[in-house]
Amino acid sequence: MTNDYYRIGEFAKKTNTTIRTLHYYDEIGLLKPARTSKTGDRYYSTNEILTVQKIVTLKYLGYPLNKIQKLLNNNEWDLQQSLSFQREELVIKRQQINHMIKTLDHALSILEENQTVDPNIFIMLINSIQMEAEHKEWMRNFIPEHMIQDIYNISDEKQQQLNKRVAKEFANIKKLVGTDHNDEHVQSVVAAIWDILYDLYPNIEEIILRITEINDDIDRHLAEAPVLFPSPFTVEEEEWLAQAISIYLEKKGMEKIEDKKEND
């Protein structure tokens with residue numbers, strides 16, 4: 001053999017690839033060796049080095065191998081259109097990665113303050129970050145856009161603090177289930193949850209009023225999209241909590257909301 005040809009191992013080192021990758025490229029027809037001996041040894045030439053450089057560059061730009069193969073077989077590339085498309089795809093990926101980093105930051109923040117977190121509570125909180133866009137879309141069925149924007153127009157730091165408080169108070173609820181609903185500890189936890197809602201949206205009563213006006217529709221929508229809002233509580237826990245909240249609202253005079261709805 002002349003110096004223009006390289007065995008597969010030498011070629012792999014020269015092009016900073018692996019022998020396994022070169023075997024795979026050969027199998028799918030992306031990069032064939034210049035020659036193959038009777039014993040099956042693969043030999044590559046300088047031409048294949050240039051091809052590898054093209055493959056590496058296109059992979060870096062985000063092209064899948066099947067698209068790279070088509071480009072390599074085409075002497076004239078419509079690069080402007082193709083690269084514009086690849087850029088749009090990468091921007092979407094960047095947004096997805098940033099969103100995942102944000103979700104992980106929130107998860108770590110919750111665990112820093114609550115070393116042991118009930119899995120159902122943890123999943124609910126992560127879901128609220130992970131599916132924020134879907135939650136907003138769902139809420140548009142019931143409340144005006146400006147309310148939705150107000151709810152989500154909070155800093156990432158405040159959102160993390162709210163999540164920590166929710167994790168703590170929901171854990172307290174689970175510990176208190178079965179206790180008398182009028183018990184001061186029960187009512188103090190419900191009050192703490194209500195304070196969280198006020199911190200999230202000071203005009204929470206307005207939202208409650210709208211929700212009570214279309215309660216049947218909300219139940220139907222929730223039933224149709226259970227994945228959007230995984231409950232951290234069992235059915236029994238939810239029933240117990242609903243009664244505790246009802247007593248709290250009566251003490252707070254929130255029954256006026258129902259009166260206002262009937263008068264309207």
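Which residues is I207 in contact with, leaving aside its neighbours within four places in sequence? I looked this up and got I143, M147, I151 and Y201. Contact here means heavy atoms within 4.5 Å.

**Ground rules.** I am working from a predicted model, where local features need pLDDT of at least 70 and side-chain atom pairs count only at pLDDT 80 or more, while totals for chains, interfaces and linings use all residues. Residues are numbered from 1 along each chain as its sequence is written, and side-chain values use heavy atoms, with hydrogens and water left out.

**Overview.** I find 14 helices and three strands in the chain. These are DSSP runs numbered from the N terminus: H or I of at least four residues for helices, E of at least two for strands. Of the 264 residues, 34% count as buried, meaning under 20% relative accessible area with a 1.4 Å probe and protein chains only (exposed is over 50%, partly exposed in between). I also checked contacts with a separation of 6 or more: 65% of them come from residues 24 or more positions apart.

**The sheet.** I see an open sheet of three strands in the order β1-β3-β2, with antiparallel pairing. β1 and β2 are the edge strands, each pairing on one side only. Two strands pair if DSSP finds at least two bridges between them. β1 (residues 5–7) is joined to β3 (residues 42–45) by three bridges; I noted Y5 with S45 and R7 with Y43. β2 (residues 35–36) is joined to β3 by two bridges, and T36 has R42 as its partner in β3. β2 and β3 make a hairpin with five residues between them, and G40 in the turn has a positive phi of about 95°. Helix α3 (residues 46–60) lies across β1 and β3, running at about 80° to β3.

**α1 against α2.** The axes of α1 (residues 8–15) and α2 (residues 19–27) come within 9 Å and cross at roughly 105°. Axes are lines fitted to C-alpha atoms, for helices over the stretch in contact, and angles run from 0 to 180 degrees between N-to-C directions. The two helices are therefore roughly perpendicular to each other (65 to 115 degrees; under 35 is roughly parallel, over 145 roughly antiparallel, the rest oblique). I8, G9, F11 and A12 of α1 make the contact with I19, L22 and H23 of α2.

**The cores.** A nonpolar core is a set of buried Ala, Val, Leu, Ile, Met, Phe, Trp, Tyr and Cys residues joined through side-chain atoms within 4.5 Å. The largest one has 37 residues, and L125, I143, F170, I173 and I207 have the most contacts inside it. Elements giving two or more residues include α6 (119–130), α9 (156–176) and α11 (204–213). α10 gives the most, seven residues. I also found a second, separate core of 16 residues, with F11, L58, Y63 and L71 among them.

**α10 against α13.** These two helices pack at about 80°, with their axes 10 Å apart, and are therefore roughly perpendicular to each other. On the α10 side I list V186, Q187, V190, A191 and W194; they meet W240, A244, I245, I247, Y248, L249 and K251 in α13.
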